[in-house]
2 protein chains.
Amino acid sequence: MRVLGIDPGLTRCGLGVVEGSIGRPLGLVDVGVVRTPSAWSVPERLVFIEKGIEARLDEHAPDAVAIERIFARSDVSTIMGTAQAAGIAMVCAARRGLPVALHTPSEVKAAVSGNGRADKAQVGAMVTRILRLDAMPKPADAADALALAITHIWRGGSQARIEAALAAAGRKAR
Amino acid sequence: MRVLGIDPGLTRCGLGVVEGSIGRPLGLVDVGVVRTPSAWSVPERLVFIEKGIEARLDEHAPDAVAIERIFARSDVSTIMGTAQAAGIAMVCAARRGLPVALHTPSEVKAAVSGNGRADKAQVGAMVTRILRLDAMPKPADAADALALAITHIWRGGSQARIEAALAAAGRKAR
């Protein structure tokens with residue numbers, strides 16, 4: 001499966017596309033960051049972010065979109081713009097009928113590094129290793145977007161296996 | 001001028017269109033609420049809200065869009081969805097090149113009732129009187145959307161007069 005991971009933000013919105021499946025090596029398809037100048041109005045910035053996401057969806061036709069889950073307790077000065085960028089990302093995906101998954105930062109850190117409290121450098125290093133890249137993707141928003149996509153592929157698979165096991169157990173019980 | 005006022009929200013998004021200019025009676029063009037069931041996913045709800053806003057923009061071709069300004073200090077349980085709905089509203093307007101203005105609740109209350117701490121009932125009553133309606137628009141989200149549009153027409157006018165006066169003063173000073 002091919003997944004677009006999105007680390008939402010008004011100033012920098014990380015976008016990373018990863019392809020692969022559980023138990024097989026994952027591959028980098030694309031990675032980048034949409035940046036918008038703080039001098040622009042918020043509506044203008046959101047429209048530019050929407051165009052950036054649409055361009056990746058058009059180009060790479062992912063099977064799913066994974067977006068970082070935002071919490072209201074995060075930094076108050078940036079939370080509104082981050083929430084709005086995440087909302088735009090959700091709409092871009094849902095308009096095309098693509099499944100949207102939200103993963104928390106600690107879920108992503110745990111999935112790629114085994115440690116839900118890993119720092120940015122550890123996440124970046126693990127993304128580099130998992131995707132067998134020559135260098136760590138920069139900025140951190142780009143690495144985080146790839147980590148989200150990796151998390152989605154790995155967690156989606158385990159979730160599917162759990163559901164299959166439960167369904168099988170249900171059939172035996174009947 | 002014709003203004004679409006939007007009181008953003010995931011559960012109820014108020015949409016009100018008002019036409020008129022400073023010093024002349026304002027007229028109601030349209031008012032309604034886009035509702036989305038809480039059982040839907042957030043991406044599905046945002047797409048539905050986007051469609052509702054787009055339909056009003058198509059039908060009424062407003063000159064500007066006025067949206068309630070959201071603060072991060074508001075109720076944490078609903079703030080994320082409200083921020084996201086506001087972000088979608090901004091994008092719908094900005095994609096068409098329409099000016100977007102954000103007005104705070106106290107600016108709206110002060111504009112329509114003369115009291116920045118007016119309650120919902122007072123705002124609703126003033127909207128009813130200003131637009132010469134037979135009954136108060138319901139629910140409150142619908143009345144708030146109309147109040148936003150009224151505020152925009154009235155404040156926009158005073159803002160334009162202030163800017164014109166400053167420009168004239170600047171010409172004299174040179």
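Modeller: Let's start with a pair of helices: H3(B) and H4(B) cross in a left-handed way. Please keep in mind that what you see is a predicted model.

Colleague: Thanks! Where are these two helices, and at what angle do H3(B) and H4(B) pack?

Modeller: In chain B, helix H3 covers residues 105-113 and helix H4 covers residues 120-130. Their axes are 9 Å apart and the packing angle is about 50°.

Colleague: Which word describes how H3(B) and H4(B) lie to each other, and why?

Modeller: The general idea is to see which range the angle falls in: under 35 degrees is roughly parallel, and 65 to 115 is roughly perpendicular. With an angle of about 50°, H3(B) and H4(B) are therefore oblique to each other.

Colleague: Which residues make the contact between H3(B) and H4(B)?

Modeller: From H3(B), look for Lys109(B), Val112(B) and Ser113(B). Their partners on H4(B) are Val123(B), Met126(B) and Ile130(B). Sorted by class, this contact has four nonpolar residues, one polar and one charged.

Colleague: And in chain A, how do the axes of H3(A) and H4(A) cross?

Modeller: The axes of H3(A) and H4(A) cross at roughly 50° and come within 9 Å. The crossing is left-handed. Here Lys109(A), Val112(A) and Ser113(A) of H3(A) meet Val123(A), Met126(A) and Ile130(A) of H4(A).

Colleague: What rotation superposes chain A on chain B?

Modeller: Here is the general idea: two copies of a chain are related by a rotation about an axis and a shift along it. In this structure, a rotation of 180° with 0.0 Å of shift along the axis puts chain A on chain B, with an RMSD of 0.0 Å. That is the relation of a two-fold axis. If you want a landmark in chain A, Gln84(A) has the C-alpha nearest the axis, at 2.3 Å. Both copies use the same surface, as 100% of the contact residues of chain A recur in chain B.

Colleague: Now for annotations. Where does UniProt place the feature "binding site"?

Modeller: An unreviewed UniProt entry gives that feature at Asp7(A) and Asp141(A). They span 135 residues in sequence, yet no two of their C-alpha atoms are more than 6.1 Å apart, so they gather at one spot. You will find Asp7(A) in strand E1, residues 2-7 of chain A. The unreviewed entry also places a "binding site" at Glu68(A), which sits in strand E4 of chain A.

Colleague: Which residues is Glu68(A) in contact with, leaving aside its neighbours within four places in sequence?

Modeller: The contacts of Glu68(A) are Ile6(A), Asp7(A), Pro8(A), His103(A), Pro105(A) and Leu148(A).

Colleague: What about the backbone: where is a cis peptide bond in chain A?

Modeller: Look at the angle omega. From Lys138(A) to Pro139(A) the peptide bond is cis, with omega near -5°. Pro139(A) is in the loop between helix H4 and helix H5 of chain A. In chain B, a cis peptide bond joins Lys138(B) and Pro139(B), with omega about -5°.

Note on methods
Residues are numbered from 1 along each chain as its sequence is written. Chains are lettered from A and ligands numbered from 1 in the order in which they are written. This is a predicted model: local features need pLDDT of at least 70, side-chain atom pairs count only at pLDDT 80 or more; totals for chains, interfaces and linings use all residues. Side-chain values use heavy atoms; hydrogens and water are left out. Axes are lines fitted to C-alpha atoms, for helices over the stretch in contact, and angles run from 0 to 180 degrees between N-to-C directions. Helices (H or I, at least four residues) and strands (E, at least two) are DSSP runs, numbered from the N terminus. Angles under 35 degrees count as roughly parallel, over 145 as roughly antiparallel, 65 to 115 as roughly perpendicular and the rest as oblique. A crossing is left-handed if the near helix is turned anticlockwise from the far one by less than a right angle, and right-handed if clockwise. Contact means heavy atoms within 4.5 Å. Ala, Val, Leu, Ile, Met, Phe, Trp, Tyr, Cys and Pro count as nonpolar, Asp, Glu, Lys and Arg as charged, and the others, Gly among them, as polar. Copies are superposed by least squares on the C-alpha atoms of residues with pLDDT of at least 70 in both. UniProt positions are given in the numbering used here, feature names are shortened, and annotations may be inferred rather than shown by experiment.
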